[in-house]
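Please look over the sequence and the model shown here before reading on. The briefing below takes up core packing, a helix pair and some backbone details.

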Amino acid sequence: MTEYEAVIGLEVHVQLKTKTKAFCGCSTEFGKEPNTQVCPICLGFPGVLPVLNRTALDYAIKVALALNCKIHSPTKFDRKNYFYPDLPKNYQISQYDLPLSYDGFLDIDLDGKDKHIRIRRVHLEEDAGKLIHKESTSLVDFNRAGIPLLEIVSEPDINSPEEAYQYLVTLKSIIQYLDVSDCDMEKGSLRCDANISLRKKNTIEFGTKIELKNMNSFKAVKDALTYEIERQKSLLSKNKAIVQETRFWDTKELKTFPMRTKEEAMDYRYFPDPDLPMFIITQEKIQQIRESIPELPREKIQRFIKDYGLSLYVAKILVSSKKDADFAESCLKAYPNKDKKTLVNWLIGPLLQEANTRGCGLADLGITPQGLNELLGFVEKELISNLVAKSVLTEIIEKHKSAATIIQEGNLIQISDTESLEKIAKKVIQENPRSVQDYKGGKNNAIMFLVGQVMKKSQGKANPKIAQELLKRLLNE
Amino acid sequence: MGIDKETVKYVANLARIELRDEELKRLSEQLKQIIDFIDKLKLLDIKDVEPTSHILPMSNVLRDDQPRESLPISKTLECAPAKEENFFLVPKVIE
């Protein structure tokens, strides 16, 4: 059977989180009453004059630089002409032949191996309105029309759905570090289209390209690409031709379907927008923005490994958001021991678990690095067991009390004195003759069950190590 | 550059204008004259002239990211041919 290779390029649109739209002073706030954030400019009335938002341009340059792009100066805006009810002017202000930036790249991590994905261009444009489809009509809300949008186009350097997924995750995390977009696919502040074709392995010529739309999560992008690869493979193996078309991902059927195709290719008749004079981006400006770029995830991972002795796996988890990475670093700095293992296990264990249950980040749990250290101090001195410590953590988060207060109020200090423990252990031995037999019969695992029973009887307060030693001694007597 | 009827039809379609046959014929002739006139620019020697997209000696016209009032909804929907609640209403655009 012929082996095929997928050739994938992604086109990502990211809404910039400016306070106002790209070319007018209307608010960009999400979730407002329909058509309350519009004005003659974003509604495309005749005779109005769009003026570019300074912050939108700065944000766009910031992303372009973080993606290693070259900046075009001067850069200009063009009109992309087409008719659609969500486009009030009948043209979109976009960039055509002098995009803001070009020729960048993004390195993605594939199980510890790097892959270099080239970026063709990053340009600035405006968003369209939102359509809500009903039985026989469509409703239009223009609140979104004119919100600044970045278009980030990759070269077709992506060769699998997994690579596409990693590209998106990496891109999103960089943009969030730059603090220029929420990148929330559910709110539509990040959207992704894909181009995909297959070619025989080790050949250069591209196959026929399919454009995929309507993928509303990173997972959907992965699933749609996986489906499309199989569909195209099966066509090619039957010697059937692939028709160049746009297909949409059906989230319910989990299949791609062709969109209704127009007779002729779209002719957008781009031309320079006469309302928007050229933009010259000076070296000083580029330098100034470059300096404002924070340490990005890749560099941070390397530094965490070097400075705190973390594994790649742990470092990757901790830097997934800038806020969490900053929180983790404060904890690492405040933690008194040189070996960070206990702390790290707590960060990516119980703390992450608490964060996941609450649908928030580590930094949003409300526990301070000092508060966490206090709790870990009790654990390390073996004053409380891990089990108790976990419930104390939950209480710190929920009741905003300190570890010391909770432990004192709940009388939670671990029972380490042999005398009290011996009483419990004896009782456990008495009540579980079966496990005692098993243990004496050579089943070493049975001891763990008995330790568990001691823990249970002591409400988690028994020192498990001492309990185990004690049980062994009593059973061997 | 010649402008034939097909080209005019194509452009008319892009602009969503429906033209009768006699209009097509008349417009083809007129457009041809216009294009021929503009074609005279080709006679100029422009090898030392930079490409221009804007005629005004202006650049970097920017505004600060400061919100200002939007239109009141009543005003916005005043010019809508059809509306429903606070939305503009249009014929359904997808199946």
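A nonpolar core is a set of buried Ala, Val, Leu, Ile, Met, Phe, Trp, Tyr and Cys residues joined through side-chain atoms within 4.5 Å, where buried means under 20% relative accessible area, exposed over 50% and partly exposed in between, with a 1.4 Å probe and protein chains only. This is a predicted model, in which local features need pLDDT of at least 70 and side-chain atom pairs count only at pLDDT 80 or more, while totals for chains, interfaces and linings use all residues; side-chain values use heavy atoms, with hydrogens and water left out. Residues are numbered from 1 along each chain as its sequence is written, and chains are lettered from A and ligands numbered from 1 in the order in which they are written.

**Nonpolar cores**

- The largest nonpolar core has 108 residues, and the members that touch the most others are A:Leu67, A:Ile152, A:Tyr167 and A:Leu351.
- At least three residues of this core come from each of domain 1 (4-289) and domain 2 (297-409) of chain A, the bounds being taken from an automatic or database domain assignment.
- A second, separate core comprises 20 residues, including A:Ile415, A:Val451, A:Met455 and A:Leu471.
- Leaving aside residues up to four places away in sequence, A:Ile152 touches, among others, A:Leu10, A:Val63, A:Leu67, A:Ile119, A:Tyr167 and A:Leu171, contact meaning heavy atoms within 4.5 Å.

**The α8–α9 pair in chain A**

- Helices (H or I, at least four residues) and strands (E, at least two) are DSSP runs numbered from the N terminus.
- The axes of α8 (residues 341-358) and α9 (residues 369-380) of chain A come within 11 Å and cross at roughly 110 degrees, axes being lines fitted to C-alpha atoms over the stretch in contact, with angles from 0 to 180 degrees between N-to-C directions.
- That angle makes α8(A) roughly perpendicular to α9(A), a class that spans 65 to 115 degrees.
- From α8(A), A:Thr342, A:Leu343, A:Trp346, A:Leu347 and A:Leu351 meet A:Leu372, A:Leu375, A:Leu376, A:Val379 and A:Glu380 of α9(A).

**Backbone details in loops**

- A:Ser73 and A:Pro74 are joined by a cis peptide bond with omega of about 0 degrees, and A:Pro74 is placed in the loop between β3 (70-71) and β4 (78-81) of chain A.
- A:Asn90, although not a glycine, has a positive phi of about 65 degrees; A:Asn90 lies in the loop between β4 and β5 (91-94) of chain A and counts as partly exposed at 33% relative accessibility.
- B:Glu85, also not a glycine, has a positive phi of about 50 degrees; B:Glu85 sits in the loop between β2 (83-84) and β3 (87-91) of chain B and is exposed, with a relative accessible area of 68%.

How values were computed. Angles under 35 degrees count as roughly parallel, over 145 as roughly antiparallel, 65 to 115 as roughly perpendicular and the rest as oblique.
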